[in-house]
Amino acid sequence: FNVTAANVVLNCNGYFVTGNNSSSTYGIYSNVNNTTIRNCPISNFMSAIWLFNSNGSTINNVTAGSTNTGANPHGIFLQSSSSNLINNSTATATAGHAIYVVSSSNSNNITGSSATSTSGNGIYVSSANSNRITGSTGTSTSGAGIYVETSTSALLSNSTAVSNSGAALWVAGTSSHTISNVTATSTSSDGFKVASTSSSQF
């Protein structure tokens, strides 16, 4: 689905959106504002959901999975997209990140959601400010459960980060964060790793 008009509500009502796992395919793509995606199980695309320059959009009660190994193989991908809500959703990825928030995607909220990746990060926030992760879980086999880098003013609360071989919760090159009531567990690395971070509350 390619959403090209603002203020569109896409309600799958539990019907599957399934691709053929080809490169450069997206289950749902939006580059307009106020897109609502709800009740959608999405799989077998390079990225299940990609919001690009989409602001004020909502992803609710969605299962978004990517098993692709090409470029940008993410479950939920927010690029240059701000003030969006990911709620009560499940994202998975094999090679990429389960939930990826990048490139000045500011003031987004991830609530009540789970993100699991095999070789990427569960939840990855990069070069994006004032994002909130609450009541959510990020899990990775070899990456970080939750990774925040080159960003400012993130709020992480009441959440869980888990990794098998990477740092469970990794905060790097950042400042002015608030992290509270977060459980971080790694089997063979750091539970909580902080690098080049200032003016934050833990």
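Cys12 and Cys40 are both buried, where buried means under 20% relative accessible area, exposed over 50% and partly exposed in between (1.4 Å probe, protein chains only). The model is predicted, so local features need pLDDT of at least 70 and side-chain atom pairs count only at pLDDT 80 or more, while totals for chains, interfaces and linings use all residues. Residues are numbered from 1 along each chain as its sequence is written, and side-chain values use heavy atoms, with hydrogens and water left out.

**Disulfide**

- The structure holds one disulfide, a term that stands for a pair of cysteine sulfur atoms within 2.5 Å.
- Cys12 is joined to Cys40 with an S to S distance of 2.0 Å.
- Cys12 sits in the loop between strand E2 (9–11) and strand E3 (17–18), and Cys40 in the loop between strand E5 (36–38) and strand E6 (41–43), so the pair ties together parts that are 28 residues apart in sequence.
- The disulfide is right-handed because the torsion about the S-S bond of Cys12 and Cys40 is about 80°.

**Sheet**

- Nine strands make up an open sheet with parallel pairing, in the order E1-E4-E7-E10-E13-E16-E19-E21-E23.
- Strand E1 (2–3) and strand E23 (192–198) are at the edges with a single partner strand each, so one side of each has no neighbour in the sheet.
- Strands (E, at least two residues) and helices (H or I, at least four) are DSSP runs numbered from the N terminus, and two strands pair if DSSP finds at least two bridges between them.
- Strand E7 (residues 47–52) runs parallel to strand E10 (residues 76–79), and four bridges join the two.
- Ile49 has Ile76 in E10 as its bridge partner, and Phe52 stands opposite Gln79 in E10.
- E10 also pairs with strand E13 (residues 99–102) in the parallel sense, over four bridges, with Phe77 opposite Tyr100 in E13.

**Surface patch**

- Phe192, Val194 and Phe202 form a nonpolar patch on the surface, with about 280 Å² of accessible area together.
- Accessible areas come from the Shrake-Rupley method with a 1.4 Å probe, and for residues only the protein chains shown count as cover.
- Phe202 lies in the segment after E23 and is exposed, with a relative accessible area of 52%.

Note on methods: Patch = residues over 30% accessible without salt bridge, like charges linked within 9 Å, V, L, I, M, F, W, Y side chains within 5 Å. Salt bridge = Lys/Arg side-chain N within 4 Å of Asp/Glu carboxyl O.
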